[in-house]
Number of protein chains: 2
Amino acid sequence: MTARDPIDIWRRPERSGVGPKPQHSRGQIAAAAIDIADRDGLAAVSVRRVARDMGTGPASLYRYLRSHDELIELMVDTVSGEYDLGPSGETPRDQLLALARQGRSIMHRHPWLAALLLTRPSMGPSTLRYLESALTAMESIDLPGPSKLQTVAMLTALTSAFVQNELSQPGNSGAANGAASDRVEYLSEAVRSGNYPRLASAFSGGNEPETPDDMFNGIIVGYLAGVGLRQLPQETPGAGEIQA
Amino acid sequence: MTARDPIDIWRRPERSGVGPKPQHSRGQIAAAAIDIADRDGLAAVSVRRVARDMGTGPASLYRYLRSHDELIELMVDTVSGEYDLGPSGETPRDQLLALARQGRSIMHRHPWLAALLLTRPSMGPSTLRYLESALTAMESIDLPGPSKLQTVAMLTALTSAFVQNELSQPGNSGAANGAASDRVEYLSEAVRSGNYPRLASAFSGGNEPETPDDMFNGIIVGYLAGVGLRQLPQETPGAGEIQA
DNA sequence: TATTGATTGCGAACAGTGTTCGCAATCAAG
DNA sequence: CTTGATTGCGAACACTGTTCGCAATCAATA
């Protein structure tokens with residue numbers, strides 16, 4: 001479809017000294033796009049719509065961006081700047097957990113974020129700062145560098161996937177739902193058919209369901225424990241207790 | 001953009017007895033679409049392209065599908081049928097690990113799959129069979145039903161995210177790469193800038209890198225351990241050893 | 001056997017998309 | 001004050017998903 005998708009936007013200076021003063025800016029464009037996405041869903045973020053909301057024409061935006069893809073990249077990195085970095089706990093585990101919780105709440109604020117984080121690499125300055133912060137939290141951990149990077153990647157993936165699940169649940173009217181009710185309809189048909197007995201019991205088996213917050217904590221803590229991160233830093237893996 | 005996205009395709013019969021015999025079928029359409037996606041990337045799967053490859057017009061496909069979204073749904077469920085279900089190990093852990101490994105290899109075969117599984121609910125018959133199979137593997141585990149479901153969901157999310165990472169790595173020429181080289185370029189600039197010291201050391205720190213297969217195993221096993229699944233079924237969490 | 005009525009095939013058209021082109025307007029440097 | 005790079009942006013191109021309308025088909029009914 002589109003020619004190429006360099007995403008080298010972060011290597012280009014926003015402004016280059018000469019010529020007329022720009023009337024817009026990347027930040028302004030990102031803000032407009034984010035506003036649209038928050039309100040009407042990611043699919044509503046077209047070049048034309050963003051331009052219209054800014055009171056200009058579509059072609060103008062291409063002085064600031066090379067492609068629609070870069071617009072999305074800009075959006076992702078901008079909201080990634082909403083992390084409040086800085087120490088937030090004693091142990092590495094607590095710090096990473098706090099980071100993940102912040103991530104979840106950002107993704108709740110911007111329901112389109114989770115899907116994007118899961119499907120594209122995303123390497124803007126804010127993302128790098130976030131990464132650096134997570135690595136700082138793990139500084140005392142004895143793990144090879146690449147493994148730490150993988151751990152962080154999987155942590156944000158887990159967080160995004162969890163939020164994605166939350167958002168597709170019925171009850172969330174967000175920008176593009178209504179499919180949820182269709183799914184439960186088909187699901188209960190399938191369950192009633194008797195072809196999926198364990199599925200059926202898995203659905204009915206739940207009494208006193210955990211709160212989403214508790215489920216999230218449990219998942220993240222469980223994962224971190226699996227990687228070898230217990231309550232105390234440097235502890236030998238396999239000796240601690242799992243505490244959800 | 002599009003009107004509504006019911007995805008109630010699985011509740012509609014493919015054929016309804018009366019009228020002229022259809023010249024195509026959902027399966028045929030799915031196969032054509034999958035072929036295109038495997039070859040030229042998911043973005044190349046347009047209604048027109050699928051129709052052309054099948055030797056017909058775009059409007060014809062709408063006798064079998066209600067929307068482009070349903071076409072994607074069909075693709076996902078079709079390749080989800082590539083799982084070889086059935087017992088594949090002794091312990092629940094081993095069975096789930098085997099399932100995850102199969103998933104990874106399917107996603108390697110169809111590089112567009114991972115992103116779709118991460119971003120959409122996807123509830124076709126093949127997906128349900130897969131779910132049922134995973135739940136069967138966990139039958140001996142003492143966990144409430146909803147938690148088991150969450151565990152499976154996170155397992156496939158982790159798998160998909162891992163594969164997604166693999167695919168976006170440089171060296172993968174797949175349908176839509178080339179962005180990879182731009183990213184490493186910007187990344188090494190950032191590292192050289194000195195603003196991200198731990199990031200820098202995390203990248204350089206690696207000697208004797210693990211093979212991707214080992215990393216994958218480690219991640220999945222780690223996660224399952226975190227949920228309470230060690231080598232032996234029913235074992236008390238927190239007492240076993242982590243074995244990558 | 002003839003007729004009915006639902007279903008299929010599909011060309012044409014509509015509204016919307018990302019993107020490029022070309023030209024006028026602007027501004028800093030020489 | 002001229003030069004040359006840069007910005008603003010209307011117009012157009014090649015796409016996209018989707019709908020409409022009508023001819024062709026076939027099973028069940030009269």
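Start by selecting B:Glu132 and A:Arg198: the two form a salt bridge, with their closest N and O atoms 3.6 Å apart. (A salt bridge here is a side-chain nitrogen of Lys or Arg within 4 Å of a carboxyl oxygen of Asp or Glu.) Between chain A and chain B the count is six salt bridges.

A word on what you are viewing: this is a predicted model, where local features need pLDDT of at least 70 and side-chain atom pairs count only at pLDDT 80 or more, while totals for chains, interfaces and linings use all residues. Residues are numbered from 1 along each chain as its sequence is written, chains are lettered from A, and side-chain values use heavy atoms, without hydrogens and water.

Next, show both chains. Here 63 residues of chain A are in contact (heavy atoms within 4.5 Å) with 63 residues of chain B. The buried area, meaning accessible area (1.4 Å probe) lost on putting two parts together and summed over both, is about 5700 Å², and carbon and sulfur atoms give 65% of this. In chain A, select A:Arg11, A:Tyr186 and A:Arg198, which lose the most area to chain B, together 12% of what that side buries.

Finally, move to A:Arg49, found in helix H2 (residues 47-53) of chain A; helices are DSSP runs (H or I, at least four residues), numbered from the N terminus. Which residues does A:Arg49 touch, leaving aside those up to four places away in sequence? They are A:Ile36, A:Asp40 and A:Ala44.

Note on methods:
Helices (H or I, at least four residues) and strands (E, at least two) are DSSP runs, numbered from the N terminus.
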